[in-house]
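Biologist: Could we go through this model together? I should like to begin with the charged side chains and then turn to the helices.

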Amino acid sequence: MAAKVLLIDDDTSLCEVLKLALSRMDFEVETAHDAITGLQKAYAIRPDVVILDVMMPSMDGWQACRRFREMTDVPIIMLSALGSQPDIVKGLNLGADDYIVKPVAPEELAARIHAVLRRASRSGTMQKREPILREGNLVIDFDKYEVTLNGERIDLSPTEFRLLSVLARYKGRVLPHEFLLTEVWGPEYVGEIDYLRLYISYLRRKLKSEATLIHNEWGVGYRFG
């Protein structure tokens, strides 16, 4: 069966060239020209690998990589004109499996795709994380971006949902302030602990009877469950 590739890049011409070339090499290729559409397509088609540009409008590739890692372990290859060592290290630290600097020959890209798929197959990371978490009367559906309490939907902002998702994914573990700030808002927010506290208070207010699921580990961070 052909591997399903999702290519997310705002350069439409490049997308057309790579889609044609990869299709000739027996890949099934879908494209998206912005990160938000890419995330939506990923949910719909469940790709085997994501190729992700960095410099895009609205949501950049850094943010998109974090969002992907909240919901899936699908292999991610970052494809960008940003080629400095700090950029490459940043991409890999955010969860990308490989980082390629543009321009790239389609043959090399195909080889990189095969390589990350082999690694994913060996490690079992192509298995999707559990899509639903139930804790008391609280249900978090990571795929649908939906949270319910006693069967009724809770209206969360995107940031509130991301924060709750990260806490829930690491259920039972103490997550340092710096880790939560980096995962939810980005590394530039490290140190903004008051900002984190504010959103924790928002979450607790909306979780009502289940607010006690979020524990404050004084001076360190927060724990869920």
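Biologist: Which side chain meets Lys41 in a salt bridge?

Modeller: This is a predicted model. In the model, the side chain of Lys41 pairs with that of Glu30 in a salt bridge, at 3.7 Å from N to O. The two residues link distant parts of the chain, with Lys41 in helix α2 (residues 35-45) and Glu30 in strand β2 (residues 28-32), eleven residues apart.

Biologist: How accessible is Lys41, and what about Glu30?

Modeller: Lys41 has a relative accessibility of 26%, so it counts as partly exposed. Glu30 is also partly exposed, its relative accessible area being 28%.

Biologist: How many salt bridges are there in the whole structure?

Modeller: A search of the whole structure gives eleven. Among them is a pairing of the side chains of Glu108 and Arg112, at 2.9 Å from N to O. Because these residues are four apart in helix α5 (residues 106-123), about one helical turn separates Glu108 from Arg112.

Biologist: What does Asp194 pair with?

Modeller: Asp194 forms a salt bridge with Arg197, and their closest N and O atoms are 3.2 Å apart. Both residues belong to helix α8 (residues 193-207), where they are three residues apart, about one turn of the helix. Asp194 counts as exposed because its relative accessibility is 57%, whereas Arg197, at 45%, counts as partly exposed.

Biologist: Which residues are linked with Asp9 in a network?

Modeller: Asp53 and Lys102 are linked with Asp9 in a network of salt bridges.

Biologist: Changing topic, which residues of α1 are buried?

Modeller: Cys15, Leu18, Ala21 and Leu22 are the buried residues of α1. They cover an arc of only 140° around the axis, so they lie on the same side of α1. On the other side of α1, the residues Glu16, Val17 and Arg24 are exposed.

Biologist: What span should helix α1 have?

Modeller: Helix α1 (residues 12-24) has 13 residues, so at 1.5 Å a residue it should span 18 Å; its end C-alpha atoms are 18 Å apart, which agrees.

Biologist: Which residue caps its N-terminal end, and what follows the helix?

Modeller: Asp11 caps the N-terminal end of α1, with a side-chain oxygen 3.2 Å from the backbone nitrogen of Ser13. Asp26 follows α1 and has a positive phi, near 75°.

Biologist: Is helix α3 mostly covered or mostly exposed?

Modeller: Helix α3 (residues 61-71) is mostly covered, with ten of its eleven residues buried. The buried residues include Trp62, Phe68 and Met71, as well as Arg66, Arg67 and Arg69.

Definitions and conventions. Residues numbered from 1 in each chain as written. Predicted model: local features only at pLDDT ≥ 70, side-chain atom pairs only at ≥ 80, totals over all residues. Heavy atoms only, no water. Expected span 1.5 Å × (residues − 1). Buried < 20%, exposed > 50% of the residue type's maximum accessible area, 1.4 Å probe, protein only. Arc of directions from axis to C-beta. Polar contact = N/O pair within 3.5 Å; in protein donor to acceptor, adjacent residues only side chain to side chain. Salt bridge = Lys/Arg side-chain N within 4 Å of Asp/Glu carboxyl O.
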